[in-house]
Amino acid sequence: MNRSQLLNKFAEVNELTRKEADAFVTSLVDIITGTVAAGEDVAISGFAKFRRIDRPARLARNPATGETVKVKAKRVARITPLKNFKDSVLSGKAPKPAAKAPAKKAVAKKAPAKKAPAKKAPAKKKAVAKKTVKKAPARKPAKRR
């Protein structure tokens, strides 16, 4: 799926125009990019975690020649898929859309009076059966000629 197909699907699912869908997707990408560029992590629960990694300069080995080479310090982006996303991809099933539950009012209930726990009689020890082990008769060494 490319960006155009994504925008069409997003507009269809959310009952928006394609122009509004484009504005939402663009703003989301801009927010994520700006936040990660500033050095903060962005985690969208159930989807992915975006983070910036600063790698220090180091010495590496050229596998073809065996000589050591200096590698400059660099900054990379890391996107880690989270559990729900991985589970959906591996199972091949699309995640179920989240249903909005109606808001319920919490009713304050009076907690019932607690009773004192009853005293228990001490537990009796169980009799342990002893196993008798028979030893196999010793083998006689074979006679040599």
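Author: Contact here means heavy atoms within 4.5 Å. By that rule, residues 24 or more positions apart account for 27% of the contacts in the protein chain with a separation of 6 or more.

Some ground rules come next. This is a predicted model, where local features need pLDDT of at least 70 and side-chain atom pairs count only at pLDDT 80 or more, while totals for chains, interfaces and linings use all residues. Residues are numbered from 1 along each chain as its sequence is written, and side-chain values use heavy atoms, with hydrogens and water left out.

The protein chain has three helices and five strands. Both kinds of element are DSSP runs numbered from the N terminus: H or I for helices, at least four residues; E for strands, at least two. Their order from the N terminus is α-α-β-β-β-β-β-α. Of the 145 residues in the protein chain, 8% are buried (under 20% relative accessible area; exposed is over 50%, partly exposed in between; 1.4 Å probe, protein chains only). The protein chain exposes about 14900 Å² (Shrake-Rupley method, 1.4 Å probe; for residues, only the protein chains shown count as cover). Carbon and sulfur atoms supply 59% of that area.

On to the salt bridges. The rule asks for a side-chain nitrogen of Lys or Arg within 4 Å of a carboxyl oxygen of Asp or Glu. The count comes to five.

Take aspartate 41 and arginine 51. They form a salt bridge, with 2.8 Å between the closest N and O atoms. The pair links distant parts of the chain, ten residues apart. Aspartate 41 sits in the loop between helix H2 (18–37) and strand S1 (42–44), and arginine 51 in strand S2 (residues 48–55). Aspartate 41 is partly exposed at 37% relative accessible area. Arginine 51 is partly exposed too, at 30%.

Next, aspartate 54 and arginine 75. Their closest N and O atoms are 2.8 Å apart, in another salt bridge. Aspartate 54 belongs to strand S2 and arginine 75 to strand S5 (residues 74–81), so the pair ties together parts 21 residues apart in sequence. Aspartate 54 is partly exposed, at 46%. Arginine 75 counts as exposed, at 55%.

Then lysine 83 and aspartate 87. Their side chains meet in a salt bridge of 2.7 Å, N to O. Both residues lie in helix H3, four residues apart, about one turn of the helix. Lysine 83 is exposed, with 58% relative accessibility. Aspartate 87 is partly exposed, with 38%.

What about positive charge elsewhere? Arg55, Arg58, Lys74 and Arg78 gather in a surface patch of positive charge. Patch members have over 30% relative accessible area and no salt bridge; like charges are joined within 9 Å, nonpolar side chains (Val, Leu, Ile, Met, Phe, Trp, Tyr) within 5 Å. Lys and Arg count as positive, Asp and Glu as negative; His and the chain ends are not counted. Each charge is placed at NZ of Lys, CZ of Arg, CG of Asp or CD of Glu.

Arginine 58 is one of the patch members. It falls in strand S3 (residues 58–61). Arginine 58 is exposed, at 51%.

Valine 69 touches this residue. Leaving aside neighbours within four places in sequence, valine 69 contacts Arg58, Leu59, Ala60 and Asn62. Valine 69 lies in strand S4 (residues 68–71). It is partly exposed, at 34%. The C-alpha atoms of valine 69 and leucine 59 are 5.7 Å apart, although ten residues separate the two along the chain.

Leucine 90 is found in helix H3 (residues 83–91). Together, Phe47, Phe85, Val89 and Leu90 make a nonpolar patch of about 410 Å². Leucine 90 is exposed, at 71%.

Glutamate 15 has a positive phi of about 55 degrees, although it is not a glycine. Glutamate 15 lies in the loop between helix H1 (3–13) and H2. It is exposed, at 74%.
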